[in-house]
Amino acid sequence: MGEAVLADIAKKRGLNVKVDSAGTAGYHVGEEPDERPRLYAELSLTYFEQHKVPINSLARQVKTSDFTQFTHILASDKNNLRDLERIKPSNATAEVRLWGSYLDGEPIPDPYYGGAGGFESVFQQVTRLSNAFLDTVLKK
(Lines give C-alpha, C1' and ligand atoms only; values in the text may rest on other atoms or scores of the structure.)
Protein backbone atom coordinates (compact mmCIF):
# COMPACT_ATOMS: atom_id res chain seq x y z
CA MET A 1 0.00 0.00 0.00
CA GLY A 2 2.82 2.40 0.85
CA GLU A 3 4.48 1.85 -2.51
CA ALA A 4 1.23 2.52 -4.39
CA VAL A 5 0.38 5.64 -2.40
CA LEU A 6 3.87 7.16 -2.62
CA ALA A 7 4.07 6.47 -6.36
CA ASP A 8 0.63 7.96 -6.93
CA ILE A 9 1.34 11.12 -4.93
CA ALA A 10 4.71 11.59 -6.69
CA LYS A 11 3.03 11.16 -10.08
CA LYS A 12 0.32 13.68 -9.20
CA ARG A 13 3.09 16.13 -8.24
CA GLY A 14 4.62 15.64 -11.69
CA LEU A 15 7.64 13.76 -10.38
CA ASN A 16 9.23 10.97 -12.38
CA VAL A 17 10.45 8.66 -9.61
CA LYS A 18 10.85 4.93 -9.25
CA VAL A 19 9.06 3.58 -6.19
CA ASP A 20 9.38 -0.05 -5.15
CA SER A 21 8.74 -2.00 -1.99
CA ALA A 22 10.44 -5.02 -0.49
CA GLY A 23 10.43 -6.90 2.76
CA THR A 24 13.39 -7.50 5.01
CA ALA A 25 12.24 -11.12 5.39
CA GLY A 26 11.31 -13.55 2.65
CA TYR A 27 7.65 -13.88 3.60
CA HIS A 28 5.26 -13.94 0.65
CA VAL A 29 7.97 -13.47 -2.04
CA GLY A 30 6.35 -13.65 -5.46
CA GLU A 31 2.83 -13.22 -4.10
CA GLU A 32 0.41 -10.45 -4.95
CA PRO A 33 -0.40 -7.86 -2.26
CA ASP A 34 -2.75 -8.81 0.55
CA GLU A 35 -6.31 -9.00 -0.77
CA ARG A 36 -7.70 -6.52 1.78
CA PRO A 37 -5.87 -3.38 0.59
CA ARG A 38 -6.42 -4.49 -3.01
CA LEU A 39 -10.15 -4.81 -2.33
CA TYR A 40 -9.99 -1.49 -0.53
CA ALA A 41 -8.51 0.11 -3.64
CA GLU A 42 -10.94 -1.63 -5.96
CA LEU A 43 -13.90 -0.55 -3.83
CA SER A 44 -12.66 3.02 -4.22
CA LEU A 45 -13.13 4.04 -0.59
CA THR A 46 -12.10 7.49 0.74
CA TYR A 47 -8.89 8.55 -1.01
CA PHE A 48 -9.15 5.84 -3.67
CA GLU A 49 -12.63 7.06 -4.59
CA GLN A 50 -11.14 10.37 -5.68
CA HIS A 51 -7.72 9.29 -6.92
CA LYS A 52 -7.95 5.63 -8.04
CA VAL A 53 -4.59 4.48 -6.66
CA PRO A 54 -3.60 1.18 -8.30
CA ILE A 55 -1.96 -1.55 -6.23
CA ASN A 56 -0.29 -4.05 -8.55
CA SER A 57 3.06 -5.39 -7.43
CA LEU A 58 4.54 -8.69 -6.32
CA ALA A 59 6.24 -9.19 -2.97
CA ARG A 60 10.02 -9.38 -3.01
CA GLN A 61 12.85 -9.34 -0.51
CA VAL A 62 15.34 -6.48 -0.16
CA LYS A 63 18.54 -6.99 -2.20
CA THR A 64 21.92 -5.45 -1.47
CA SER A 65 21.74 -3.78 -4.90
CA ASP A 66 18.73 -1.78 -3.65
CA PHE A 67 21.15 0.24 -1.49
CA THR A 68 22.88 1.60 -4.60
CA GLN A 69 19.95 1.54 -7.03
CA PHE A 70 17.70 3.77 -4.91
CA THR A 71 18.41 7.14 -3.30
CA HIS A 72 16.17 6.51 -0.29
CA ILE A 73 15.09 3.37 1.54
CA LEU A 74 12.20 3.87 3.93
CA ALA A 75 11.64 1.47 6.82
CA SER A 76 8.14 1.00 8.19
CA ASP A 77 9.27 0.42 11.78
CA LYS A 78 12.37 0.16 13.98
CA ASN A 79 12.70 -3.62 13.52
CA ASN A 80 12.80 -3.24 9.74
CA LEU A 81 15.20 -0.30 10.07
CA ARG A 82 17.51 -2.45 12.20
CA ASP A 83 17.31 -5.27 9.62
CA LEU A 84 18.07 -2.84 6.78
CA GLU A 85 21.07 -1.41 8.63
CA ARG A 86 22.33 -4.96 9.26
CA ILE A 87 22.24 -5.94 5.56
CA LYS A 88 23.31 -2.55 4.19
CA PRO A 89 26.52 -3.04 2.17
CA SER A 90 29.58 -0.86 2.70
CA ASN A 91 29.13 0.76 -0.73
CA ALA A 92 25.54 1.83 0.00
CA THR A 93 24.57 5.25 -1.34
CA ALA A 94 20.88 5.22 -0.35
CA GLU A 95 19.72 7.14 2.68
CA VAL A 96 18.09 4.59 5.01
CA ARG A 97 15.56 6.02 7.45
CA LEU A 98 12.39 5.28 9.32
CA TRP A 99 9.60 6.53 7.05
CA GLY A 100 7.91 8.17 10.02
CA SER A 101 11.05 10.23 10.69
CA TYR A 102 9.94 12.59 7.93
CA LEU A 103 6.88 13.58 9.95
CA ASP A 104 6.18 12.28 13.45
CA GLY A 105 8.65 9.47 14.13
CA GLU A 106 5.82 6.94 14.39
CA PRO A 107 6.17 3.41 12.98
CA ILE A 108 3.71 2.10 10.42
CA PRO A 109 1.79 -0.74 12.07
CA ASP A 110 1.24 -4.00 10.21
CA PRO A 111 -2.50 -4.17 9.45
CA TYR A 112 -2.24 -7.79 8.26
CA TYR A 113 -4.01 -9.31 11.27
CA GLY A 114 -6.55 -6.54 11.78
CA GLY A 115 -9.76 -5.68 10.02
CA ALA A 116 -10.51 -3.14 7.29
CA GLY A 117 -10.16 -0.31 9.82
CA GLY A 118 -6.48 -1.12 10.22
CA PHE A 119 -5.92 -0.79 6.49
CA GLU A 120 -7.81 2.52 6.45
CA SER A 121 -5.63 3.85 9.28
CA VAL A 122 -2.40 2.72 7.60
CA PHE A 123 -3.57 4.17 4.31
CA GLN A 124 -4.14 7.56 5.92
CA GLN A 125 -0.74 7.34 7.65
CA VAL A 126 1.22 6.46 4.48
CA THR A 127 -0.56 9.28 2.65
CA ARG A 128 0.66 11.78 5.28
CA LEU A 129 4.14 10.22 5.31
CA SER A 130 4.40 10.24 1.51
CA ASN A 131 3.63 13.95 1.40
CA ALA A 132 6.06 14.71 4.23
CA PHE A 133 8.81 12.60 2.59
CA LEU A 134 8.39 14.30 -0.80
CA ASP A 135 8.21 17.76 0.81
CA THR A 136 11.50 17.08 2.62
CA VAL A 137 13.30 15.54 -0.36
CA LEU A 138 12.19 18.31 -2.73
CA LYS A 139 13.61 20.96 -0.38
CA LYS A 140 17.10 19.42 -0.57
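Hi everyone, and thanks for coming. A word on the model before we look around. It is a predicted model, in which local features need pLDDT of at least 70 and side-chain atom pairs count only at pLDDT 80 or more, while totals for chains, interfaces and linings use all residues. Residues are numbered from 1 along each chain as its sequence is written, and side-chain values use heavy atoms, with hydrogens and water left out.

Let's start with the overall layout. The chain has six helices and two strands, where helices (H or I, at least four residues) and strands (E, at least two) are DSSP runs numbered from the N terminus. Read from the N terminus, the order of elements is α-α-α-α-β-α-β-α. Of the 140 residues, 34% count as buried; buried means under 20% relative accessible area, exposed means over 50%, and partly exposed is in between, using a 1.4 Å probe and protein chains only. The accessible surface of the chain comes to about 8,300 Å², and 52% of that belongs to carbon and sulfur atoms. Those areas come from the Shrake-Rupley method with a 1.4 Å probe, and for residues only the protein chains shown count as cover. If we take contacts (heavy atoms within 4.5 Å) between residues at least 6 apart in sequence, 64% of them join residues at least 24 apart.

How many of the eleven residues of α1 are buried? Eight of them are, so α1 is largely enclosed by the rest of the structure. The buried ones are G2, E3, A4, V5, L6, D8, I9 and A10. Just after α1, G14 takes a positive phi of about 80°.

Side chains of opposite charge can pair when their charged atoms come close. Here a salt bridge is a side-chain nitrogen of Lys or Arg within 4 Å of a carboxyl oxygen of Asp or Glu, and a search of the whole structure finds seven. In one of them, D8 pairs with K12, with the closest N and O atoms 2.7 Å apart. Both lie in helix α1 (residues 2-12), four residues apart, about one turn of the helix. An α-helix has 3.6 residues a turn, so residues three or four places apart point the same way. D8 is buried, with a relative accessible area of 8%, whereas K12 is partly exposed at 46%.

Another bridge joins D20 and R60, where the closest N and O atoms are 3.0 Å apart. D20 sits in the loop between α1 and α2 (35-42) and R60 in the loop between α3 (46-51) and α4 (66-69), so this pair ties together parts that are 40 residues apart in sequence. D20 is partly exposed, at 34% relative accessibility. A further bridge links K88 to E85, with the closest N and O atoms 3.8 Å apart. Through shared partners, salt bridges also join D20, R60 and D66 into one network.

The loop between α1 and α2 also holds T24, which is buried at 18% relative accessibility. What does its side chain touch? A polar contact of 2.7 Å joins the side chains of T24 and N80, and another, of 3.4 Å, links the side chain of T24 to that of D83. By polar contact I mean a pair of N or O atoms within 3.5 Å; within protein, one must be able to donate a hydrogen and the other to accept it, and residues adjacent in sequence count only if both atoms are side-chain atoms. Leaving aside neighbours within four places in sequence, T24 is in contact with Q61, V62, N80, D83 and L84.

On to the rings. The whole structure holds one aromatic pair. Y102 and F133 form this edge-to-face pair, 5.0 Å centre to centre with 90° between the planes. Y102 lies in the loop between β2 and α6 and F133 in helix α6, so the pair ties together parts that are 31 residues apart in sequence. For pairing, rings of Phe, Tyr and Trp (its six-membered ring) need centres within 6.5 Å; planes under 30 degrees apart count as stacked, over 60 as edge-to-face and the rest as tilted. Both Y102 and F133 are buried.

Last stop: D110. The UniProt annotation "active site", from an unreviewed entry, covers D110. UniProt positions are given in the numbering used here, feature names are shortened, and annotations may be inferred rather than shown by experiment. D110 is found in the loop between β2 (95-98) and α6 (116-139). Is D110 buried or exposed? D110 is exposed, with a relative accessible area of 61%.
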